[in-house]
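Dear colleague,

Please keep it open while you read.

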Amino acid sequence: MIFKSKYLVSLFAGLFMLLLGIQVYFMYKTYQVKKREIYSDVHKKITTYIDNLEDLGQLSKHGSNESKDIFVKFTHQEITKKELLDYFEKYRNSTKNNLSNYIDKKFEKDDYEVAVRVVYLSVTSLPDSTKLIDKPIVLYETRNKVLKPGISETGKWETSSTSTSDKTEKPERNDSFIVKSQTDFEILNINYIVFKELTLLILCCVALLLSVLILYIFTVKNLIKQQKQIEVLHTVVDNISHEFKTPIATLKIASKTLKKEYNQEIFPLIDRQISRLEDLMKQLHAEEFDEVILIIHPQDWDFFIQDLAFTFPKADLELNNSVSTELPFDKKLMETVIKNLCENSVKYGASKIKINLKTIQNKLEITVSDNGNGIEQKELKNIFEKFYRIQPNNIHNSKGLGLGLFFVKKIIEKYNGKMEVSSIVKEGTTFKISIPYED
């Protein structure tokens, strides 16, 4: 049962982790799709803006006389490379504010922070294929810098012009250029925009996961609670089934004895065993009865031994009882201690059992020694475990469930007592018990 429960809990945990992984993957893919949709929408608008940049800076991908003239001058070495770069830097700075204001205004309603950059990747002079620039030149750029472009769009076009001489009025040279450009743009607050639009979906996913997790925790707690209840029930059933054996066996013997001959002393014994059976029945229905703790009287110890002697007539039980006062212990529990220890001795070959009872400085001292088979030292640490039985050659030679000494230990622990056991193989075993009490 416990193994199955652990298996189910592990399976539940695995399924929850699988569900969590699916939800994370689903959210990630949804994030990517939404991000692409936003970039696609902005890209369409950006393309239109770039086509209208001529109104802002008097230069577009179709070229302008000013930029073409500056390339012509550089080709014919009329200006230096530094002057060429200075021209484009000056041009970029002069258009930055207008371009930025234009972009910001267009996306103000959507709350997008958009960065744009237009770069000349290469400029090649025809027909000799001379490269005029050795690294990209930024032509347009907004105040917001492009760090990681969301979309990059490249373009290529050719510009041409014809120069004439004043004297001949015939063409002298043909100045043509192939220009490659790239337009980059980035939505700087794309994560904020996407998560804002997916807020409801994210909350629903989190609520679903939390609901499953709460259900999982509730189920595990309920399962643990049920396991504890089952363990308690098993302990009660084991205890009572074990306790039933002695009074039933005693009553059987008493019945046989009465059939043979009338004996007045047997009737008190029968009454005690019937009372004991009634007490055991009450334990099965504890909710129907008020718990009454029976204080043990000095003569009760004698009755315990008398009943055991009647049940085990072949065993010699010797009681030395120096207890002369009532003790604040449950009579039923003390009977269980004495009965289980003596039964255990008889079960493992004892023919003589000595029981010594005395009180010293508010402590009850109980010593039970026998001349039975004894217990090997390696077995002593295990004899108080539930269902444990000594197994010589792996064969159970005696009947029982292995519960007697387990219950003795639990009772002693209940009263904060101590127990020691010593044994010599083929000579016998001695149990020493010390239980404190208050007057």
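Two strands are said to pair if DSSP finds at least two bridges between them, and strands (E, at least two residues) and helices (H or I, at least four) are DSSP runs numbered from the N terminus. The model is predicted, so that local features need pLDDT of at least 70 and side-chain atom pairs count only at pLDDT 80 or more, while totals for chains, interfaces and linings use all residues. Residues are numbered from 1 along each chain as its sequence is written, and side-chain values use heavy atoms, with hydrogens and water left out.

Five strands form an open sheet with mixed pairing, in the order E7-E9-E10-E12-E11. Its edge strands, E7 (316–321) and E11 (418–424), each pair on one side only. Within the sheet, E10 (residues 363–370) and E12 (residues 428–436) pair in the antiparallel sense over seven bridges, and Val368 stands opposite Phe431 in E12.

Helix H9 packs on this sheet, touching E7, E9 (352–359), E10 and E12, where contact means heavy atoms within 4.5 Å.

The axes of H8 (residues 298–311) and H9 (residues 331–347) come within 10 Å and cross at roughly 40°; axes are lines fitted to C-alpha atoms, for helices over the stretch in contact, and angles run from 0 to 180 degrees between N-to-C directions. That makes H8 oblique to H9, since angles under 35 degrees count as roughly parallel, over 145 as roughly antiparallel, 65 to 115 as roughly perpendicular and the rest as oblique. Among the residues that meet, H8 contributes Trp301 and Phe304, and H9 contributes Met334 and Ile338.

Best wishes
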